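Please read it alongside the sequence and the model.

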Amino acid sequence: MPIRIRWLSREYFGIGLLILGICGIFQLFFIFIGQYFLAMGSYIIVVLIPIVIWIALFFATIIIFESYAQVERREKLRSQFRKSTVKSSKLKKFLNFPITKPLLIVFILFNIFFFSSFFICALFLNNSLAFLIAENASAVFCLLMANLIERNYGRVKRY
């Protein structure tokens, strides 16, 4: 995982706040699902656990963002003098926004792993424990995938 992250500099502070807010909204969505659709009764499990998971998802998104930024900086240094006359579609423009890919990766991985592990755990345990295990396992899985993406794609230089 990256040792030096430049989130307090002027360049990344706004992006960091955007990522933090979007991860918070994502976890509010899971609080809503847990409270109303999955019939959670314990407020500790439904509110306090997603706050911790929110921080874990934020950290995973930062790791993936930093690895993509490292690759982009490396490409910018290599291809400074090339002409770029590429027309791109709206989907490409949406995906080229710096925080879109890391957020999509983390949210898709979290959703897939959360719902699959929740329904497997719900067969053997009650809903509260299944929700607790699914949230924690999904967050750990997202952190592991962020580390894998960083090592294989980004190759962030350690300072």
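## Overall fold and confidence

In the protein chain, residues 24 or more positions apart account for 81% of the contacts (heavy atoms within 4.5 Å) that have a separation of 6 or more. The model is a predicted one, in which local features need pLDDT of at least 70 and side-chain atom pairs count only at pLDDT 80 or more, while totals for chains, interfaces and linings use all residues. Residues are numbered from 1 along each chain as its sequence is written, and side-chain values use heavy atoms, with hydrogens and water left out.

The protein chain holds five helices and zero strands, where helices (H or I, at least four residues) and strands (E, at least two) are DSSP runs numbered from the N terminus. The mean pLDDT, the predictor's confidence in each residue on a scale from 0 to 100, is 81 for the protein chain, and 87% of the residues score at least 70. Confidence is lowest in helix H3 (residues 90–96), with a mean of 78, and highest in H4, with a mean of 92.

Of the 159 residues in the protein chain, 37% count as buried, that is, under 20% relative accessible area, with exposed meaning over 50% and partly exposed in between (1.4 Å probe, protein chains only).

Leaving aside neighbours within four places in sequence, Phe110 is in contact with residues including Phe26, Phe30, Ile53, Leu57, Ala139 and Cys142.

## Packing of H1 against H4

The axes of H1 and H4, which are lines fitted to C-alpha atoms over the stretch in contact, with angles running from 0 to 180 degrees between N-to-C directions, come within 12 Å and cross at roughly 20 degrees. The two helices H1 and H4 are therefore roughly parallel to each other, a term for angles under 35 degrees, as against roughly antiparallel over 145, roughly perpendicular from 65 to 115 and oblique for the rest. Among the residues that meet across this pair are Ile19, Phe26 and Phe30 in H1 and Leu103, Phe110 and Phe114 in H4.
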